Amino acid sequence: MGSDENQAPQAAPRDEKDRVVIFDTTLRDGEQCPGATMTFDEKLEVAELLDEMGVDIIEAGFPIASQGDFESVQEIARRAENSVICGLARAQMKDIDVCAEAIKPAKRGRIHTFIGTSPLHRKYQMGIEKAEVLERVTASVTRARGHTDDVEWSAMDATRTEADFLCACVEAAIKAGATTVNIPDTVGYATPDEFAGLIRMLMERVPGADEIVFSTHCHNDLGLAVANSLSGVGAGARQVECAVNGLGERAGNAALEEIVMAIHTRADAMRVWTGIDTTMLTRASKLVSRVTAFPVQYNKAIVGRNAFAHESGIHQDGMLKHAGTFEIMTPESVGLKESSLVMGKHSGRHAFREKLKELGYELGGNAFEDAFVRFKALADAKKHVYDEDIEALVDQEIASAHD
Ligand code: KIV
Ligand code: ZN
């Protein structure tokens, strides 16, 4: 566990077999979450940033869902410079053909087709038996392969599907030509050990499994989306589906910034890497928050406003001596200028003196002590102590010293 200084990211192994493909679904699953609708122009703006930041695959939308979705997927496909552009399609011929049309302008396009495989989905959503699910898997993947050689197939509600039947579905998808097989934890039900076991089981049991890429798509209903995705990677999955700020249906998807920084910061433990420019993560988070009008929770890992902020005296004192004492990543590595020491009732003398220096004051012995006592009283009485409060307090202190 221990690491030297804990500040510099470990040198990541850069073997292609250890590369984790980052599949971003902010514009598809993310946009499906209530209230997160984006306009055409906003989608283009988000896609441009994802493309620049090194996202391998952008799931740009669900083209059959609306004319607007079709047009935004098509325009993103036209403009993308680096990323593969993917569209989602149900296991229906019309969906797949429309999706193929939307991604056609892309330098590299992918069709992502899916069907529910669990007993609940078979019985209540589709009213069909196992045999028909298998037929639809073969037919949909075959149709998609007629349009492109990059086809992803997903077993919706995979984690609540009988193991033998899931194996049969995955085998059918691979035989029909799927190049990526995605194992969604659609309702966020799995635990990390279970999810790793599922990926391992599929890799061991399904013929042809070694020729395709296994992917994770974990929802966050129990707050386990990132843990489950990383467990899947540990078991051999090499694509992670995620969304900026963890946007997605209900409690959301695995958060892209958390997946990427966990892999980056703990490359020594994970032994995998991604092609993401991590210094763009803060920008991506702010952009997605702005266009969806979804605030980012203050204490959200990586991109929350408190992620690099320190208030307690012990922490501030440590940070002033060596940032590694209370930070495992540098703020610069996620695109922030610096950490912040927030002045409050938990702050100590060391941080108060540094704050005074930053504001251009140098107070000697008694004046400093008096100012510090007054600052503590103010911090007890007031939730937020701003620089202006401290300035006013010190100015009063200086004035009373001259009286
Ligand atoms: O959660 C899910 O199962 C999905 C599929 C469409 C991949 O979003
Ligand atoms: Zn989903």
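**Helix packing in a predicted model**

Q: What covers the buried residues of H12?
A: The cover includes helix H1 (26–30), H2 and helix H10 (256–265). Keep in mind that this is a predicted model.

Q: OK, which residues of H12 are buried?
A: Leu281, Ala284, Ser285, Leu287, Val288 and Thr292.

Q: Where do they sit around the axis of H12?
A: On the same side of H12, because they cover an arc of only 165° around the axis.

Q: How many residues does H12 have, and what does it reach from end to end?
A: Helix H12 runs over residues 281–292 and has 12 residues. From its first C-alpha to its last it reaches 16 Å. That is close to the 16 Å expected at 1.5 Å a residue.

Q: What comes just after H12?
A: Ala293, with a positive phi of about 60°.

Q: Why does Arg271 count as partly exposed?
A: Arg271 has 15 C-beta neighbours inside 10 Å, so it counts as partly exposed. Being buried takes 20 or more, and being exposed takes 12 or fewer.

Q: What is phi of Asp157?
A: Near 65°. It is positive, and Asp157 is a residue other than glycine. Asp157 lies in the loop between strand E5 (151–156) and helix H7 (163–176).

Q: Is Asp157 buried or exposed?
A: Buried, because Asp157 has 23 C-beta neighbours inside 10 Å.

Q: New topic: helix pairs. What describes two packed helices?
A: The angle between their axes and the distance between the axes.

Q: So what are the values for H2 and H3?
A: The axes of helix H2 (residues 40–53) and helix H3 (residues 67–79) come within 10 Å. They cross at roughly 35°. The crossing of H2 past H3 is right-handed.

Q: Which residues make the contact?
A: From H2, Phe40, Lys43, Leu44, Ala47 and Glu48. From H3, Gly68, Glu71, Ser72, Glu75, Ile76 and Arg79. By class, the contact of H2 with H3 has four nonpolar, two polar and five charged residues.

Q: What about H8 and H9?
A: The axes of helix H8 (residues 192–205) and helix H9 (residues 225–235) come within 8 Å and cross at roughly 35°. H8 passes H9 in a right-handed crossing.

Q: Which residues meet there?
A: Pro192, Phe195, Ala196, Ile199 and Arg200 belong to H8. They meet Ala227, Asn228, Ser231, Gly232, Gly234 and Ala235 of H9. The contact of H8 with H9 divides into six nonpolar, four polar and one charged residues.

Q: Now H14. Which residues are buried there?
A: In helix H14 (residues 349–358), the buried ones are Ala351, Phe352 and Lys355. They fall within an arc of 100° seen down the axis, so they line one face of H14. Just after H14, Gly360 takes a positive phi of about 90°.

Q: Zoom out. How many helices and strands does the chain have?
A: 16 helices and 10 strands.

Q: How many residues, and what share is buried?
A: The chain has 403 residues, and 44% count as buried.

Q: What box do the C-alpha atoms fill?
A: Roughly 90 × 45 × 40 Å, along the principal axes.

Terms used: Residues are numbered from 1 along each chain as its sequence is written. Chains are lettered from A and ligands numbered from 1 in the order in which they are written. This is a predicted model: local features need pLDDT of at least 70, side-chain atom pairs count only at pLDDT 80 or more; totals for chains, interfaces and linings use all residues. Axes are lines fitted to C-alpha atoms, for helices over the stretch in contact, and angles run from 0 to 180 degrees between N-to-C directions. Helices (H or I, at least four residues) and strands (E, at least two) are DSSP runs, numbered from the N terminus. A crossing is left-handed if the near helix is turned anticlockwise from the far one by less than a right angle, and right-handed if clockwise. Two residues are in contact if their C-beta atoms, placed from the backbone, lie within 7 Å. Ala, Val, Leu, Ile, Met, Phe, Trp, Tyr, Cys and Pro count as nonpolar, Asp, Glu, Lys and Arg as charged, and the others, Gly among them, as polar. The arc is that of the directions from the helix axis to the C-beta atoms. The expected span of a helix is 1.5 Å times one less than its number of residues.
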